[in-house]
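Here are my notes on the model. Please read them with the structure open.

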Amino acid sequence: MNTFHYRDHALYGEDLPLQEIAAHYGTPCYVYSEAALRERYHSFSAALGDNTRVCYAVKANSNLGILRIFAEMGAGFDIVSGGELERVLRAGGDAGTIVFSGVGKSSVEIRAALGAGIFCLNVESAAELWRIADIAADMGKRAPVALRVNPDVDPGTHRYIATGLKESKFGIPMDQARHLYLQAAQHPALELKGIACHIGSQLLDLTPLGEAAGRVRALYDELAAHGIALQHLDLGGGVGIRYHDEIPPSPADYAWTLDQALQGVAVRRVVELGRALAGNAGVLLTKVEYLKDNGGKQFCVVDAAMNDLLRPALYGAWHDILPLHQSVGTGPAMDVVGPVCESGDFLARDRPLAAKAGDLLAVMSAGAYGFAMSSNYNSRPRPPEVLISGHQHRLIRRRETLADQLSLEENPPSRKSPL
Ligand code: LLP
């Protein structure tokens, strides 16, 4: 699907020229396509079939307007905090479809999740399991749990987003998990629901995922032999997308990989997809402020920065940069940089761009882990978020003002004594 595309040299999002959005809302500005979000979700859920629940990983983009679209489509949700729980509930998501991952769930968060009646807590340590059991007992409930296992496979992705290697903080080693299931099965406040696993993000080769699923399946078989009959297997998320020239797995490839590894296991499957659903459904619009030449090195200084989109600075990630008005020919190679006072503040490096001051650009593939990772660094107000749908556009988060930032702070009285 070609959500963002050129028509008569103008970059469109669905049926709207992005120039119009920039004129209306100013820059920098995040823009998401509702059609793209829907299409991605339907492609994955159709390929995976009725026996798989597709949970949207809220951390990728947690705007209420985005969550509501997933809720309307009947998606489940993967959350990692009490804040994300609250967002899903406010967006009309069904608590009974929520899985809760993360290594550091607080007592308050566990209580809120049990109170809301979520589908499953994906437990990441023995200590967490017993805390959940205590809280559930205190609430007079049985906590639905899966142990998130660490299958020790190398997902072949950036090391900051690899989670299934034994040196990473995530999950429980397989042999520990085995013992813990047997112990947990005896606890009256725990309901053993499934096994969970997530090996990493931006996976382009699904072989490691198949390997991890195979290990999960072996544990499932072993537990069944011990009389522990689990009801679902959660294979996490991680399907990669095209940022530059990658060839990401298709929904059919993904379904095939899981089918191969889990052949003959009839229980329900859960997946937790973020990037593959939202990544290419969004762009960040920005305006060129200045061109500058530092003794032969060319810079294109734009009004978006690392505080708005951290991925290039944090992971050296590639995002395509497209002009809103397509120009003829290309210009010199430039670094596209923001106003933040860090040398790591770049959105792209060495890109041939025929840009001049005042031009508008789109930073592509910014729908996942874009706004969600933004900050107020350098006291920069966060950009607005706009949802487009056909010819229509709607503001789903307004631009922050300086007053928004200052409203949380106290201005202490001066301690200078009067002269
Ligand atoms: N499930 C769990 C337990 C996760 O930790 C994650 C992502 C997901 C699902 C969703 O993964 P996805 O399908 O989106 O790959 N900030 C990084 C990505 C961090 C991913 C963290 N966990 C980035 O911008 O690339």
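1. A definition to start: two strands count as paired if DSSP finds at least two bridges between them. The model is predicted. By that criterion, 3 strands form an open sheet, ordered β1-β2-β3, with antiparallel pairing.

2. Which strands stand at the edges of this sheet? They are β1 (4-7) and β3 (16-17). Each has a single partner strand, so one side of each is left without a neighbour in the sheet.

3. Look next at β2 (residues 10-13). Strand β2 pairs with β3 over 2 bridges, in the antiparallel sense. Y12 has P17 in β3 as its bridge partner.

4. Now the helix pair. Helix α2 (residues 34-48) and helix α9 (residues 251-262) have axes that come within 8 Å. The axes cross at roughly 35 degrees. The crossing of α2 past α9 is right-handed.

5. Which residues meet there? From α2 come S43, F44, A47 and L48; from α9 come P251, A252, Y254 and A255. The contact of α2 with α9 has 7 nonpolar residues, 1 polar and no charged.

6. Turn to the ligand. There are 22 residues around the ligand, and A57, S201, G237, G274 and Y369 come nearest. By class, the shell holds 9 nonpolar, 9 polar and 4 charged residues.

7. Where does the shell around the ligand come from? Domain 1 (4-31 + 280-406) and domain 2 (94-273) each give at least three residues. At the level of elements, β13 (268-273) and α10 (275-278) each supply at least two.

Key:
Residues are numbered from 1 along each chain as its sequence is written. This is a predicted model: local features need pLDDT of at least 70, side-chain atom pairs count only at pLDDT 80 or more; totals for chains, interfaces and linings use all residues. Axes are lines fitted to C-alpha atoms, for helices over the stretch in contact, and angles run from 0 to 180 degrees between N-to-C directions. Helices (H or I, at least four residues) and strands (E, at least two) are DSSP runs, numbered from the N terminus. A crossing is left-handed if the near helix is turned anticlockwise from the far one by less than a right angle, and right-handed if clockwise. Two residues are in contact if their C-beta atoms, placed from the backbone, lie within 7 Å. Ala, Val, Leu, Ile, Met, Phe, Trp, Tyr, Cys and Pro count as nonpolar, Asp, Glu, Lys and Arg as charged, and the others, Gly among them, as polar. A residue is near a molecule or strand if its C-beta atom, placed from the backbone, lies within 6 Å of it. Domain bounds come from an automatic or database domain assignment.
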